[in-house]
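Good morning, and thank you for coming.

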Amino acid sequence: MSKYLKKVIVFVIAIMTMATMNGQTLTERQKGLAACACLMAQGDLERLEPAVKTALDNGVTVNELKEAFSQLYAYTGFPRSLNALGVLGKVLANKQENWQEGKPWKRPKEWDDAKAAYELGVKNQTQVSGRPFNYDFCPQDDYYLKAHLFGDIFAGDQLTAADREIVTVAALSGLGKVAPQLAAHKRGAVNMGNSQETVDELCAWLCQEGYTLSSVWPKGEPNTAFAQYFIGNSYLAVLDKTGLCNVTFEPGCRNNWHIHHGAVQVLICVAGRGWYQEWGKEPVELKPGVTIAVPEGVKHWHGAAADSWMQHLTYHANVQPGNSNEWLEPVTDEAYNKLPK
């Protein structure tokens, strides 16, 4: 690998490490709301269920989650909103004593006064936008935004204005391909009472925890050539003619046990969370900035956490003539499911 690429990798790791150390403003409650909103937007019901339980454990109330999932229909559509509410109902079938119902829901008075709802919407939209906003290009959407989204929906009192924007930024981060709206709501989150540090940390946390994959490293193409040696889907991006690659693992994806003969493999986690394990040793958690040098001849595997995307850069060092890669048995579900959550 070239000296230039080595410098780039070291720089990126340093930036990620500093961001992780400096981000201290996001509360566990906000993380709970954000995780649920992000997974709801993706329609990932399997991962949403444990996220709902964690949110409730960390102080988010039942009625706050109802309000968040209801609000997000305006951004993600009714199907995903209703599915998320269905997951919440499923979780509550085994309600824990420490979970709070929250303050009672009451019908907003603006629902019975169209003019009042519209005026509230104008006020809220102006605050979110930082200036008066009129979408004259499409009067229908302009009215819906003012009267319904920022009027009827924002009239509810379960979530604060700051909470609503945390929820919205998280959902748009998970939705993908909505960059203009995400950028606007990141600014709006500050306008509605969140600090810039909290918003920045929120977006970084969603990526670091693998809820989103907003990475500077390309995802690449489906890793079909090696698919037989993986459980789950992986993606490969060749970054440099010297052999530097970025491998992206979907949640739960991992490669088989394998051995590198005649070379040292270097792994550098750059996004999400995952695992690396050598035969007979305890697993090592992969997080952005963690670097592993896999000794030549050592049996090992690596992959994503069950609830997170993961990306790592990889290249080979100390390459000897006749080097090879020996693929072995898969990492069983039984062994993988014993990993810490």
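**Pockets and sheet**

The lining of the second largest pocket comprises 15 nonpolar, seven polar and three charged residues; Ala, Val, Leu, Ile, Met, Phe, Trp, Tyr, Cys and Pro count as nonpolar, Asp, Glu, Lys and Arg as charged, and the others, Gly among them, as polar. The model is predicted: local features need pLDDT of at least 70 and side-chain atom pairs count only at pLDDT 80 or more, while totals for chains, interfaces and linings use all residues. Residues are numbered from 1 along each chain as its sequence is written, and side-chain values use heavy atoms, with hydrogens and water left out.

A pocket here is an open set of points on a 1 Å grid over the protein atoms alone, where a 1.4 Å probe fits, with protein on both sides within 12 Å along at least five of seven lines; lining residues have an atom within 4 Å of a point. The second largest pocket has a volume of about 720 Å³, volume being the space filled by probe spheres set on the points, which are joined across faces, edges and corners. Phe133, Leu145, Phe150, Gln181 and His185 are the closest to its centre, out of 25 lining residues. The largest share of that lining, seven residues, comes from α10; helices (H or I, at least four residues) and strands (E, at least two) are DSSP runs numbered from the N terminus.

The largest pocket holds about 850 Å³.

Turning to the sheet, six strands form an open, antiparallel arrangement in the order β1-β3-β4-β12-β7-β10, where pairing requires at least two DSSP bridges between two strands.
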